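Please read these notes with the model open beside you.

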Amino acid sequence: MSAPHTAVAHDPAAPATAHGSHDLAAHAHGHDAHGHDAHGHGHQLAENNFLGLPNIKLAMWAFLGSECMFFGSLIGTYFFYHDHSLVGPLPQDIFDITITSISTFILLMSSLTMALGVDAMKQGNRLAARNYVLMTAALGASFVGFQVYEFAHFYHLGLKLNTSLFGSTFYVMTGFHGAHVSVGVIWLTMLAILLHKNIMSPAKAPTNVEVAGLYWHFVDIVWIVIFTFVYLLEFAK
Amino acid sequence: MSHPTGHGPGAHGATDLSPPHSHKKHYIRVGVALTVITAVEIGVLFVPQLKDIWVSLMVILAVVKFVVVVGEFMHLRDDRPIYKILFISPLFLALFSFFVLGILAIVHYAPFGKGYAITAVDKRAGFVPAIGGAPAEDTLAEAKLKELYAKSSAAKFDKGAKLFATSCTSCHGKDGGGLAGLGPNMTDDCYKHGGKLTELYTTVQKGVSGTAMQAWGAGAMSSEEIRETVFYVRSLRGSNVAGGKACEGDKVTD
């Protein structure tokens, strides 16, 4: 299969030499130099806001900023109540570092495939991007599978949502993270379908994939924090 | 699966018609680096010699991973400043509230040490040691209480002793030796309702119906106060004060 390599995918990630005027210059090109608007920046310009930036990307970064505070408070609450549970099981009784390490690795790899998907789409390689996005969704789904197993396992060991402060804070924190991963899996699956059917305009596709990628990487960094600070530190005492 | 055609470094930027240079190799390198860092994080746990720096090492490695994913995978490093502002300022706000929470936690719990639970939450949600629950839960609660008991021991059971003096001596005697016709001796090895910490807790919390032993958990004492009292009572075991009542109930050995 051949990808439309003539696509002019504007790449905000490229080490921009002329940082400030980068975007505007690229758009100007889309207009003057190349008439083939499907691959140019004519569409993208219409989508951009007064800053010359794609609105959805700006919105995603703002959203992720708020997500920092959201997860920050959940993790903070877990810490605040840590070691103040009266009833077992306690974290060190039930955490399984092997299983969690495997699922952490899976999520880390999904971040890599996502980055490769974004990279492929920027080069106009739609079908390669589709494959990477699909792989990312599959890895994400298996991470969720691990979490379902973990929750079920902990529940059978006697840790319920209302068992102790550990139960409440742990399930709420990791549960919200798992919900974010699940939303990401649905999003990426839909994105893969759209890429497969070639429905998105080639001008919009790179930004759309990139924004989904931002969300996905964020979910990964939340897990980086949870894995180290909640799971590993438990064994480092 | 098709991969983007590689572009030599020379081809990059030659013309606007060529797609941007693929960062595939860079991304793979970053992915490998992140995997290695994670492996190191887990690996150091198996090196007891590094025990002293475990925590700081892990915190540093996690921060490195965080920065690498945001900077490289999310390519914020090379992106427009507005995105950086949108993401990094709330991140600092989150860190700030995290530290404030941490300081509050330290201030709140410092006088009591670890294991001290919040009374209001305790009572409302019934977060008290598992009494008569599943065996596994019981064991864990007993283990946890023992751990707390050891800590309270360092404080010479001050709080418990005061509570005992106010609430218990009228029946169990000033020195805990028991009073004829009233409470049993707390300084021998015998208990009528069990000598495990969890059992002592239940007895104090729920009382013993048909006797003068009231349910202290029904408003008179908070769960922390019950615990401190129980710890003090436990510390009396085996001290066998002079003039104490004879053994009542079962002799415990542990």
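1. A residue is called buried under 20% relative accessible area, exposed over 50%, and partly exposed in between, with a 1.4 Å probe and protein chains only. A:N125 has 2% relative accessibility, so this residue counts as buried.

2. Some ground rules follow. This is a predicted model, in which local features need pLDDT of at least 70, side-chain atom pairs count only at pLDDT 80 or more, and totals for chains, interfaces and linings use all residues. Residues are numbered from 1 along each chain as its sequence is written, chains are lettered from A and ligands numbered from 1 in the order in which they are written, and side-chain values use heavy atoms, leaving out hydrogens and water.

3. Where does A:N125 lie? A:N125 sits in the loop between α5 (97-122) and α6 (126-156) of chain A. Helices (H or I, at least four residues) and strands (E, at least two) are DSSP runs, numbered from the N terminus. A:P206 is 81 residues from A:N125 in sequence, and their C-alpha atoms are 9.7 Å apart.

4. Chain A has eight helices and zero strands. Of its 237 residues, 60% are buried. A contact means heavy atoms within 4.5 Å. Among chain A contacts with a separation of 6 or more, 78% join residues 24 or more positions apart. Chain A exposes about 8,600 Å², with 70% supplied by carbon and sulfur atoms. Accessible areas come from the Shrake-Rupley method with a 1.4 Å probe; for residues, only the protein chains shown count as cover.

5. Now the packing of α3 and α7 in chain A. Helix α3 (residues 55-80) and helix α7 (residues 165-197) pack at about 155°, with axes 8 Å apart. Axes are lines fitted to C-alpha atoms, for helices over the stretch in contact, and angles run from 0 to 180 degrees between N-to-C directions. The pair is therefore roughly antiparallel (angles over 145 degrees; under 35 is roughly parallel, 65 to 115 roughly perpendicular, the rest oblique). The contact includes A:F70 and A:F71 of α3(A), and A:F170 and A:W187 of α7(A). By class, the contact has twelve nonpolar, four polar and one charged residues. Nonpolar covers Ala, Val, Leu, Ile, Met, Phe, Trp, Tyr, Cys and Pro; charged covers Asp, Glu, Lys and Arg; the others, Gly among them, are polar.

6. Chain B has nine helices and two strands, in the order α-α-α-α-α-α-α-β-α-α-β. Buried residues make up 41% of its 254 residues. The accessible surface of chain B is about 13,300 Å², 66% of it from carbon and sulfur atoms.
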